Amino acid sequence: MYIQLSELKTNPSKYFDLSKTVDVIVTRHGQRIGRIVCEERAAKLDRLNAFDELMKFVGTTPSVPDSTVYDANKEERLHDKGLL
């Protein structure tokens, strides 16, 4: 729903109540300048976006196994046992 800034100024409570069911987009001279959204829906959307970002990070981060780290003492022990 689009409203003019002047309409919002005359009756703000009406549009904040209306924002519980639909997003209210505020315009000035035909240009969009803001949006009034329901806080509960916005918070839920923020949580979902944060979870999606976390999953992207977890899915693309390669894990490094411990065996890729060079250990001279371990190599010497394996060599002494005849395993290397």
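Strand β2 (residues 24-28) is mostly covered, with 4 of its 5 residues buried (buried means under 20% relative accessible area, exposed over 50% and partly exposed in between, with a 1.4 Å probe and protein chains only). Strands here are DSSP E runs of at least two residues and helices are H or I runs of at least four, numbered from the N terminus. The model is predicted, so local features need pLDDT of at least 70 and side-chain atom pairs count only at pLDDT 80 or more, while totals for chains, interfaces and linings use all residues. Residues are numbered from 1 along each chain as its sequence is written, and side-chain values use heavy atoms, without hydrogens and water.

Two partners flank the account of β2. Strand β1 (residues 2-4) runs parallel to β2 and is joined to it by 3 bridges (strands pair if DSSP finds at least two bridges between them); here Y2 stands opposite I25. Strand β3 (residues 31-36) runs antiparallel to β2, with 5 bridges, and V24 faces I36 across this pairing.

Turning to the helices, F57 belongs to helix α3 (residues 39-60). Because its relative accessibility is 55%, F57 counts as exposed. Together with F51, L54, M55 and V58, F57 makes a nonpolar surface patch of about 520 Å² (patch residues have over 30% relative accessible area and no salt bridge, with like charges joined within 9 Å and nonpolar side chains, Val, Leu, Ile, Met, Phe, Trp and Tyr, within 5 Å; areas come from the Shrake-Rupley method with a 1.4 Å probe, and for residues only the protein chains shown count as cover; a salt bridge is a side-chain nitrogen of Lys or Arg within 4 Å of a carboxyl oxygen of Asp or Glu).
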